Amino acid sequence: MGSSEKRSKDVMSDIPTFSGENLQKNLKVIQNSRTFLSIIAGVLAGIIGFNGLTGFVFYFVVMLITSVGLMAKAGFSADLYFDSWNRVLFDGFLGGLMSFVLFWTFAYDLVHIF
Amino acid sequence: MNYVSFSLLYIRRCAVCYYELFNVINYLPVPNSSRSSSIILRTLNLVGETKTRSGFISYTQDMNLGFVIGVLGVLILSHAAYSTIQYRGLLKITEEEFSGPPLNVVLELIVGLALCMWAALTFPGKFLSIHPDSDENRAVSLPDNTDFMIFNHRGRLFPPEITMKF
């Protein structure tokens, strides 16, 4: 049966419910995807040799592509897997920024300086 | 001398404890709603514990393929990094400025990025439907803790829209 969350927006009409356990699993999937891709984006930015603001622009470009990919994975219907579109699009945007900068400087040091 | 032997014995005792614990954990039954902390362990054991009836085998095979593609993408990226290092060495000899990696390295980076993106979208797992009425969220078995289940909760206020399916 799992753990079902109940949201009663209108008691008189149909009460929308969803399975919170599956929602958390889906959020974990999104978070893992974004973390891995921010690491890959960092390594790429370091290899190409971005300096300054261009690297951050590259990071946001990769995150936008990730959002499109996640939307395609959810079949462009967020109602089936999430409770709102915002979770798919904007969930882990800034969470991966730290990993991106870490691996960016690491790869840049490896390739260009060392 | 005594201190060295005592510390070695202590380390060996800790290693034996961890080894036994590791063996015990691997043979415990996987709980129903397990949020497994080790995705790689589950991939290697091919234990795809899901509540879905369909797609049981393809769930773990897809993850395996995604893992292989991800490793391939990382290998391609590291090869591109090595090529760029060599290119920079060449530039140091001819004393030119580094304006950008050469064309074949750029192509390699694009291929590596595409592979890693595909792996990042398929390896962490599939999306599960959150509608409690969908076909894949059917409660096909009771949970193990039937002693603690109660039925006198506010679910009894829901309109009974149960269509019996067998």
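Visitor: What makes up residues 63–82 of chain B, helix or strand?

Guide: In this predicted model, that span is 100% helix and 0% strand, with its end C-alpha atoms 29 Å apart. Helices here are DSSP runs of H or I, at least four residues, strands are runs of E, at least two, and both are numbered from the N terminus. As the model is predicted, local features need pLDDT of at least 70 and side-chain atom pairs count only at pLDDT 80 or more, while totals for chains, interfaces and linings use all residues; side-chain values use heavy atoms, without hydrogens and water. Residues are numbered from 1 along each chain as its sequence is written, with chains lettered from A and ligands numbered from 1 in the order in which they are written.

Visitor: What makes K25(A) and E21(A) a salt bridge?

Guide: The rule asks for a side-chain nitrogen of Lys or Arg within 4 Å of a carboxyl oxygen of Asp or Glu. The closest N and O atoms of K25(A) and E21(A) are 3.9 Å apart, so the pair meets the rule. Because they are four residues apart in helix 1 of chain A, about one helical turn separates them. The count over all chains is one salt bridge, and between chain B and chain A it is zero.

Visitor: How do you know the extent of the contact between chain B and chain A?

Guide: Contact means heavy atoms within 4.5 Å, and 38 residues from each of chain B and chain A take part. Buried area is the accessible area (1.4 Å probe) that two parts lose on being put together, summed over both. For chain B and chain A that is about 3,700 Å², with 72% from carbon and sulfur atoms. In chain B, L121(B), F127(B) and I130(B) lose the most area to chain A, together 23% of what that side buries.

Visitor: At what angle do the axes of helix 1 and helix 4 of chain A cross?

Guide: Axes are lines fitted to C-alpha atoms, for helices over the stretch in contact, and angles run from 0 to 180 degrees between N-to-C directions. For helix 1 and helix 4 (residues 97–113) of chain A the angle is roughly 30°, and the axes come within 7 Å.
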